[in-house]
Amino acid sequence: DDSREMYRVSVYSARAALECLHAMFHSAKHIMAWLSEAARLVADADRSMAWTTPLGLPVVQPYRKRTRHSVRTVLQRLVLEATHEASPVLAGRQRTAFPPNFIHSVDSTHMMLTALRCREAGLAFAGVHDSFWTHAGSVGEMSATLRDAFVELHGAPLLERLRDELAAEHPDIEFPPLPPCGELDLEDVRAATYFFS
């Protein structure tokens, strides 16, 4: 019942869980650190992070300082907030948001590729983020379809493409070298029982 004690326990639990995840998935930790550093470098130059998804969709993070204007009327006071391209970037928000936003853009590409392949195969498809659905009788076929799309997508040099795009967009910034690739054989995904559910 002690809220302070509950907070301390939750912080401890979160820290312990993250340490375990980092130990188990050290390649992912290095990739996230690289993405954060790239975003920090771009934000330090007062620019927004921008990239193109593997399907060609341009993405720009909108995190900039807001300007506030106060309007007083006889009845009330209104505060209007707006952001403009000329507003300074929120460097911390650009840095912390970029790794998950980039990963989500890759995940959404996987979803779109799966949906397109399901359509070509005549399978019903519905989904939200990383949860895909079809009719019970089509689950096996959709399972193979989404695994094929995943192997195709992640078989491409996604980080190298991102680094090259950032380097071309920001030639005045020297980005750190990419972390080394992990040891996962993508083909193992096709037979993994618990890859996706």
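In this predicted model, helix α2 (residues 26-44) and α5 have axes that come within 12 Å and cross at roughly 10 degrees. An angle under 35 degrees counts as roughly parallel, and α2 and α5 are therefore described as roughly parallel to each other.

**Helix packing**

- Where α2 and α5 meet, the residues on the α2 side are I31, W34, L35 and A38, while those on the α5 side are L159, L162, R163 and L166.
- The axes of α3 and α4 come within 9 Å and cross at roughly 135 degrees, which makes α3 oblique to α4.
- The crossing in which α3 passes α4 is right-handed.
- On the α3 side, the residues that meet α4 include V106, T109, H110 and L113, and their partners in α4 include M142, T145, L146 and F150.

**Aromatic rings**

- A pair of aromatic rings is described by two values, namely the distance of the centres and the angle of the planes.
- When rings are paired with their centres within 6.5 Å, the count comes to five aromatic pairs.
- One of these pairs is formed by F98 and F102, whose rings are 5.9 Å apart centre to centre with 45 degrees between the planes, so that the pair is classed as tilted.
- F98 and F102 are four residues apart in helix α3 (residues 91-121), and because of this spacing they are separated by about one helical turn.
- Both of these residues, F98 and F102, are buried.
- A further pair, F150 with F195, is edge-to-face, with 4.8 Å centre to centre and 70 degrees between the planes.
- Because F150 lies in helix α4 (residues 139-154) and F195 in the segment after α5 (158-169), this pair ties together parts that are 45 residues apart in sequence.
- F150 has a relative accessibility of 18% and therefore counts as buried, whereas F195, with a relative accessible area of 23%, is partly exposed; the cut-off for buried is under 20%.
- Ring pairs also link W51 with F98 and F102, and these residues form a cluster.

**Y63 and its surroundings**

- The ring of Y63 has the charged end of R93 sitting over it, at 4.5 Å from the ring centre.
- A97, which lies in helix α3, is in contact with Q61 and Y63 when its neighbours within four places in sequence are left aside.
- A97 and Y63 are 34 residues apart along the chain, and their C-alpha atoms are separated by 9.0 Å.

- Which residues are in contact with H170, leaving aside its neighbours within four places in sequence? The contacts of H170 are V42, R47 and F175.

Technical notes. Residues are numbered from 1 along each chain as its sequence is written. This is a predicted model: local features need pLDDT of at least 70, side-chain atom pairs count only at pLDDT 80 or more; totals for chains, interfaces and linings use all residues. Side-chain values use heavy atoms; hydrogens and water are left out. Rings of Phe, Tyr and Trp (its six-membered ring) pair if their centres lie within 6.5 Å; planes under 30 degrees apart count as stacked, over 60 as edge-to-face and the rest as tilted. Helices (H or I, at least four residues) and strands (E, at least two) are DSSP runs, numbered from the N terminus. Buried means under 20% relative accessible area, exposed over 50%, partly exposed in between (1.4 Å probe, protein chains only). A charge sits over a ring if NZ of Lys or CZ of Arg is within 6 Å of the ring centre and within 35 degrees of the ring normal. Axes are lines fitted to C-alpha atoms, for helices over the stretch in contact, and angles run from 0 to 180 degrees between N-to-C directions. Angles under 35 degrees count as roughly parallel, over 145 as roughly antiparallel, 65 to 115 as roughly perpendicular and the rest as oblique. A crossing is left-handed if the near helix is turned anticlockwise from the far one by less than a right angle, and right-handed if clockwise. Contact means heavy atoms within 4.5 Å.
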